[in-house]
Amino acid sequence: MLPWKRVLRPLTALLLSAAAIALPATAAHADTATHSGWNDYSCKPSAAHPRPVVLVHGTLGNSVDNWLGLAPYLEARGYCVFSLDYGQLPGVPVFYGLGPIDRSAAQLASFVDQVRSATGAAKVDLVGHSQGGMMPRYYLKFLGGAAKVNALVGIAPDNHGATISGLTNLLPYFPGATDLVKATTPGLADQIPGSAFLTKLNAGGDTVPGVHYTVIATRYDEVATPWRSQYLSGSDVRNVLLQDLCPLDLSEHVLAGLSDRIVFHEVANSLDPAHAGTTTCASVLS
């Protein structure tokens, strides 16, 4: 029999590799204050779009790579757009969202206050992909975020955990594997269904009053699985299945957040429901 360390190492690598599909494969990374038109702290929200949009990346993502598609899309439509890096581990550059999620939520809280101060806006809207669609709920529920946020739009969010197509179900068969994941990448451990973090987050209901919630899921998701676990329950929730908008859309977890303009169109609808247009397969041309 192989020593347990030899078994655990490839298992951990497999978990990390599977989670890595949550970000685009690009080496480009820039400081959050200087890149490509968004994170412009001189931007003042317009009457048409009075709330800044804060983009929250996914596990192993960052403030640039995750938003090379959506940030320019929203900026071109007149929004003040901002994004942050969170969940950094010491000595691990570029690949973020790996730290304890409650601490990541505190980083989001500070960033939202920074954006509000710079823009003069009373509230922001949050749009997050994967962990970035789930983590803000901790901020809303436990860190006072509900008073500062109008809407949370989650793209393929793992609101009730991510089995990574059943991969995490194998952890109990490898003694010590869960403890190893917790010790090395606590942000991944927090997303395992049944974790202490998720139990606390979802206790007493999925939502808090005063915030508008939208979940955009794809049936072809291979990370936040089963995909129906992405949905939220609450009085002010819209759960949207991408294939109900366009049956031909085959986007999975990565493409839904990275480049799918049908998703982007529905995000824009969620940010400005008073002027929403019907999202269809033709929205890819919008």
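**Ground rules.** I number residues from 1 along each chain as its sequence is written. In this predicted model, local features need pLDDT of at least 70, side-chain atom pairs count only at pLDDT 80 or more, totals for chains, interfaces and linings use all residues, and side-chain values use heavy atoms, with hydrogens and water left out.

**Sheet.** I looked up the strands (DSSP runs of E, at least two residues, numbered from the N terminus). An open sheet is formed by 6 strands in the order 2-1-3-4-5-6, with parallel pairing. Pairing takes at least two DSSP bridges between two strands. Strand 2 (81-84) and strand 6 (237-241) each have a single partner strand, so one side of each has no neighbour in the sheet. I then checked strand 5 and strand 6: they pair in the parallel sense over 5 bridges. Ala217 has Leu241 of strand 6 as its bridge partner.

**Cavities.** I searched a 1 Å grid over the protein atoms alone for cavities, sets of points where a 1.4 Å probe fits but cannot get out. The count is 2 cavities of 30 Å³ or more. The second largest cavity has a volume of about 40 Å³, where volume is the space filled by probe spheres set on the points. Its lining (residues with an atom within 4 Å of a point) includes Gly133, Arg137, Tyr213 and Leu232. Strand 4 (149-155) and strand 5 (212-217) each give two or more residues to the lining of the second largest cavity.

Technical notes
1 Å grid on protein atoms, 1.4 Å probe; cavity = no way out; pocket = protein on both sides within 12 Å on 5 of 7 lines; lining within 4 Å. Helix = DSSP H or I, 4+ residues; strand = E, 2+ residues; numbered from the N terminus.
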